[in-house]
Amino acid sequence: MPKDNNEWELTIMDAILSRQQNIEEILAFNNQSAQYGLTMTTQQAIALTESCKDSLKRNRRIELNGNIIIRLISSFCDSPYISQQDYEETLHELIDLFYDFKNDTWDMITDNELIEFMKEAFNSNCCGSCEMLAEELMRLSQHIHEGKTFCCYNCK
Amino acid sequence: MNKPDISHIVQTEQLDFKYYFQSLLEAACSGGLLSESNMQKIQMDLFVLLADFTDKWNRGESSSIRLEKAQDILSSISFVLGVQLKSYPTPEQAVYALRNTSLKSIHEKGMQIIRKKLEISRMTQQRIINNMLKTPNVYYRSTIMGGIHGFFKLYNPLFTAHEIHITADYPVHIGRPDLNGIEFIESYLHCLEAENAFCALFNPCDIHNLLCGLTQDYQNIPMNLYEPVLLSALGLILTCHIPDRLNLTKSDLKLLYHVFTDKSDIEMQTCLEDSITGLTEIMKITKNSKNYAFIAVKKCIPTIKMAVTMGTLDKVFLIPQ
């Protein structure tokens with residue numbers, strides 16, 4: 001075990017554990033998402049965990065507690081803008097947006113706050129468009145970069 | 001059948017005291033004291049600890065964390081584990097603990113040791129402050145007061161136990177301790193206390209005059225004050241003078257050239273150690289300072305040797321202004 005270089009250790013551990021857990025949990029969530037006409041195949045679940053892993057790696061983050069995929073599915077499965085055809089693709093984009101903006105907002109917004117914000121925006125002024133959601137998130141980032149808080153952005 | 005002698009499988013010398021946990025694992029694996037399954041269990045325990053501490057760090061508000069922060073927390077956890085593992089009499093016993101105890105339990109014990117070290121270090125700092133050498137050297141006072149205070153204010157053993165936080169600009173004579181976190185501060189303060197106690201035996205004006213013999217601007221230089229004071233006192237003992245005024249003369253220097261020319265390292269060391277013993281008979285030197293002086297003189301030998309060769313002994317055994 002290298003003395004100073006813990007990075008490889010972290011990524012290996014994270015990859016092994018999160019992949020196994022995530023796939024099972026995603027598939028188990030089909031029971032709840034099915035009521036909205038949305039289900040995930042094993043292949044799709046695997047693709048989502050890979051996507052999550054890639055996004056974490058690109059953003060130089062590591063996930064040790066909880067499962068963002070499940071939380072995103074749970075929040076967005078009742079969206080009027082998501083159908084079975086675009087379910088997987090939308091989730092891939094939401095995962096990317098989540099981790100990109102978790103970094104871009106300097107970890108000053110909690111997971112719950114960010115997911116709620118994304119859901120609100122996606123289902124209202126973004127009309128189900130991930131591109132428009134990205135623009136909305138950039139405005140939020142700018143607000144944080146100006147030294148303001150998430151609470152006062154919400155109150156606007 | 002003879003039992004294999006395992007008592008020396010992991011040599012203490014091969015372990016890195018700065019990164020003890022990591023180096024112990026490496027040595028134990030190479031020595032066959034930890035199996036593949038032992039290592040997997042340790043890695044899993046480490047992962048659980050890391051997850052627990054990152055959750056505390058995030059206050060449970062985020063499932064993910066930046067990699068750099070996770071590495072930082074992992075370094076902190078490793079440091080705390082190392083503190084506890086060092087407390088075992090032998091590395092083999094530490095490895096036994098790794099095999100048979102959860103990392104969480106080892107970490108908790110490590111935290112207790114760290115809290116104790118913090119307490120002890122605060123008391124050491126206070127003792128130094130209560131008897132602090134009066135010197136205009138800015139680095140001396142600012143490090144002992146401001147620097148060390150700063151450490152206690154910033155130090156967070158939960159998440160950054162390995163951090164030193166301060167630059168510790170004032171250089172102690174035997175060298176910057178090659179340690180991390182509270183272990184660095186504890187060792188650094190131990191050196192400072194020994195040096196301060198020794199220097200405080202002398203009149204601050206005499207020390208000032210002595211150091212001006214090196215440079216008038218010593219108050220603005222991050223230099224060690226103890227070494228010139230120690231060597232001046234020892235030089236006076238060697239030239240059969242009373243050491244309390246730190247007032248070597250040019251003719252004393254000629255005698256010192258005689259004393260040190262053509263001497264081997266061992267002879268020089270013996271000579272200096274004898275003069276420490278002589279010094280302790282005249283001045284009330286603490287046990288800590290005496291032990292420190294024995295270590296300190298070893299470090300002075302190459303400097304003295306070079307000065308004898310170059311004819312610059314007056315830069316080592318200073319003549320006061």
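This is a predicted model: local features need pLDDT of at least 70, side-chain atom pairs count only at pLDDT 80 or more; totals for chains, interfaces and linings use all residues.
Visitor: Which residue does B:Lys69 meet in a salt bridge?

Guide: The side chain of B:Lys69 meets that of B:Asp72, at 3.5 Å from N to O. A salt bridge here is a side-chain nitrogen of Lys or Arg within 4 Å of a carboxyl oxygen of Asp or Glu. Residues count from 1 along each chain as its sequence is written, and chains are lettered from A and ligands numbered from 1 in the order written.

Visitor: Okay, where do B:Lys69 and B:Asp72 lie?

Guide: Both are in helix H3 of chain B, residues 67-86. They're three residues apart, about one turn of the helix. Helices are DSSP runs (H or I, at least four residues), numbered from the N terminus.

Visitor: And is B:Lys69 buried or exposed?

Guide: B:Lys69 counts as buried because its relative accessibility is 18%. The cut-offs are under 20% for buried, over 50% for exposed, and partly exposed in between (1.4 Å probe, protein chains only).

Visitor: Which ring does the charged end of B:Lys69 sit over?

Guide: That's the ring of B:Trp57, with 4.0 Å to the ring centre. The rule wants NZ of Lys or CZ of Arg within 6 Å of the centre and within 35 degrees of the ring normal. B:Lys56 lies over a ring face too, that of B:Phe53, at 4.8 Å from the centre.

Visitor: Which residue does B:Lys56 form a salt bridge with?

Guide: B:Asp52, with the closest N and O atoms 3.1 Å apart. B:Lys56 is partly exposed because its relative accessible area is 42%, and B:Asp52 is partly exposed at 33%.

Visitor: What about B:Lys117 and B:Glu186: how far is it from N to O?

Guide: 2.9 Å, and that's a salt bridge between their side chains. The pair links distant parts of the chain: B:Lys117 is in helix H5 (residues 103-130) and B:Glu186 is in helix H7 (residues 181-199), 69 residues apart. B:Lys117 is buried at 16%, whereas B:Glu186 is partly exposed at 24%.

Visitor: How many salt bridges does the structure hold over all chains?

Guide: 23. In chain A, a network of them links A:Arg58, A:Asp96 and A:Asp100.

Visitor: And how many go across the interface of chain B and chain A?

Guide: The rule finds two there. A:Asp107 pairs with B:Arg66, the closest N and O atoms being 3.2 Å apart. The contact between the chains takes 27 residues from chain B and 28 from chain A, where contact means heavy atoms within 4.5 Å.

Visitor: New topic: how many disulfides are there?

Guide: Zero, over all chains. A disulfide would need two cysteine sulfur atoms within 2.5 Å. A:Cys52 is buried, at 2% relative accessibility, while B:Cys29 is partly exposed, at 33%.

Visitor: Last one: where's B:Ser232?

Guide: In helix H9 of chain B, residues 226-238. B:Ser232 counts as buried because its relative accessible area is 0%. Leaving aside neighbours within four places in sequence, B:Ser232 is in contact with B:Leu210, B:Leu246, B:Asn247 and B:Leu248.

Definitions and conventions: Side-chain values use heavy atoms; hydrogens and water are left out. Helices (H or I, at least four residues) and strands (E, at least two) are DSSP runs, numbered from the N terminus.
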